[in-house]
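Reader: Let's go through this one together, starting with the chain as a whole and then zooming in.

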Amino acid sequence: AALSLGMPRATGLHAELPEPIKLLTQTINYSLAVENSREGLAVIVDLRLADDRDKNPVPGGAIIVPEQSDSPEWNHLTPLLESLEGTPVYIIFPPSGEHPAYSKLRSLGLDLWSVEMPR
């Protein structure tokens with residue numbers, strides 16, 4: 001215990017914990033998300049399965065991202081998404097489970113919101 005307290009001061013080396021994962025606590029209802037997107041105030045990213053998107057498409061459109069984080073499509077999407085810094089990005093999640101691309105979106109440091117879908 002004494003070494004753990006004294007060594008950082010003696011060596012000048014200090015360990016730092018990584019930043020905690022920012023939980024997605026900001027939510028918005030679907031109607032308001034669509035309205036804000038249509039007015040150019042925000043962007044919607046739809047992570048639902050293709051069948052769900054086809055049955056209930058987002059009015060005005062939404063960004064669709066590849067599921068795999070190593071997909072070549074990310075090379076084209078990443079600059080677009082990075083340009084959204086400061087713009088709310090509303091995410092429509094699949095009804096169950098987490099979309100594999102969510103961690104990629106989270107790593108971009110965007111202002112992410114979860115869309116509350118109507119039942």
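Reader: What share of the 119 residues of the chain counts as buried?

Author: A quick heads-up: this is a predicted model, where local features need pLDDT of at least 70, side-chain atom pairs count only at pLDDT 80 or more, and totals for chains, interfaces and linings use all residues. Residues are numbered from 1 along each chain as its sequence is written, and side-chain values use heavy atoms, with hydrogens and water left out. Buried means under 20% relative accessible area, exposed over 50%, and partly exposed in between, with a 1.4 Å probe and protein chains only. On that basis, the buried share of the chain is 32%.

Reader: In what order do the elements of the chain run?

Author: Helices (H or I, at least four residues) and strands (E, at least two) are DSSP runs, numbered from the N terminus. The chain has 5 helices and 4 strands. From the N terminus, the order is α-β-α-β-α-α-β-α-β.

Reader: Why are the buried residues of H2 on the same side?

Author: In H2, residues 30-38, the buried ones are Tyr30, Ala33, Val34, Asn36 and Ser37. They share a side because they cover an arc, taken from the directions from the helix axis to the C-beta atoms, of only 165 degrees.

Reader: Which strands do the buried residues of H2 pack against?

Author: Ser31 and Arg38, on the other side of H2, are exposed. Contact here means heavy atoms within 4.5 Å. The buried residues of H2 pack against E1 (27-29), E2 (43-46), E3 (88-92) and E4 (111-116).
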